[in-house]
Amino acid sequence: GCDHCCHRLVQASLPEVLLVAEQVAGWTEEERVGLFARAAEFEEQNGPFWRDETASATAACPFLREGKCSIYDVRPTSCRSLSSFDEAACQAHYLAGGPVPQGVPAQDAAMTLSRVAGEGCQRAGVVSGMLDLTASVAMMLKDPAAGANLDPWMSPWEKVKLFSERT
């Protein structure tokens with residue numbers, strides 16, 4: 001396959017973040033240092049997106065190493081739903097800044113799973129909503145105590161939320 005869909009901001013639910021953080025915690029120090037370096041590059045390259053100067057983030061996901069997903073077995077639903085059988089179409093859409101062409105069933109399944117995970121977290125009184133995967137995992141690696149405080153409105157989680165339920 002290709003990695004065109006891996007050049008974007010990755011959204012994840014709290015359970016997905018916890019799984020990824022657990023896997024990354026088992027990496028070597030060198031691998032984690034590499035992740036932090038790629039994450040810093042990701043943030044810098046997506047500066048225009050963060051400053052609302054462009055509509056999409058297009059830098060390579062920091063979990064992408066040598067064209068392969070380093071967290072493939074525990075990748076979030078938002079990644080699992082991006083499956084296209086036409087690499088040329090994916091590349092054309094990526095270069096044009098558009099969405100990855102995918103089937104409606106994959107999109108529907110991903111939206112349903114994300115909604116259910118969010119509702120479950122909300123009912124449990126813990127962090128819900130979509131989180132920035134890279135920022136969330138980095139936060140947990142730098143401050144392992146963050147995983148113990150899952151209050152949805154307390155720092156540090158509020159900083160990594162992509163969409164807040166407070167409206």
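**Packing of α2 against α7 and two local sites**

In this predicted model, helix α2 (residues 29–45) and helix α7 (residues 133–142) have axes that come within 11 Å and cross at roughly 135°, where axes are lines fitted to C-alpha atoms over the stretch in contact and angles run from 0 to 180 degrees between N-to-C directions. Because of this angle, α2 is oblique to α7, given that angles under 35 degrees count as roughly parallel, over 145 as roughly antiparallel, 65 to 115 as roughly perpendicular and the rest as oblique. Helices are DSSP runs of H or I with at least four residues, and strands are runs of E with at least two. Arg-32, Leu-35, Phe-36 and Ala-39 of α2 are in contact with Thr-134, Ala-138, Leu-141 and Lys-142 of α7 (heavy atoms within 4.5 Å). By class, this contact comprises 5 nonpolar, 1 polar and 2 charged residues.

His-7 lies in the segment that precedes β1 (11–12) and, with a relative accessibility of 18%, counts as buried (under 20% relative accessible area, with exposed over 50% and partly exposed in between, for a 1.4 Å probe and protein chains only). The side chain of His-7 reaches the backbone oxygen of Asp-3 at 3.0 Å. Ser-56, in the loop between α3 (47–50) and β2 (64–65), counts as partly exposed at 28% relative accessibility. Between Ser-56 and Asn-46, 10 residues apart in sequence, the C-alpha to C-alpha distance is 8.4 Å.

Residues are numbered from 1 along each chain as its sequence is written, and side-chain values use heavy atoms, with hydrogens and water left out. Local features need pLDDT of at least 70 and side-chain atom pairs count only at pLDDT 80 or more, whereas totals for chains, interfaces and linings use all residues.

How values were computed
Nonpolar A, V, L, I, M, F, W, Y, C, P; charged D, E, K, R; others polar. Polar contact = N/O pair within 3.5 Å; in protein donor to acceptor, adjacent residues only side chain to side chain.
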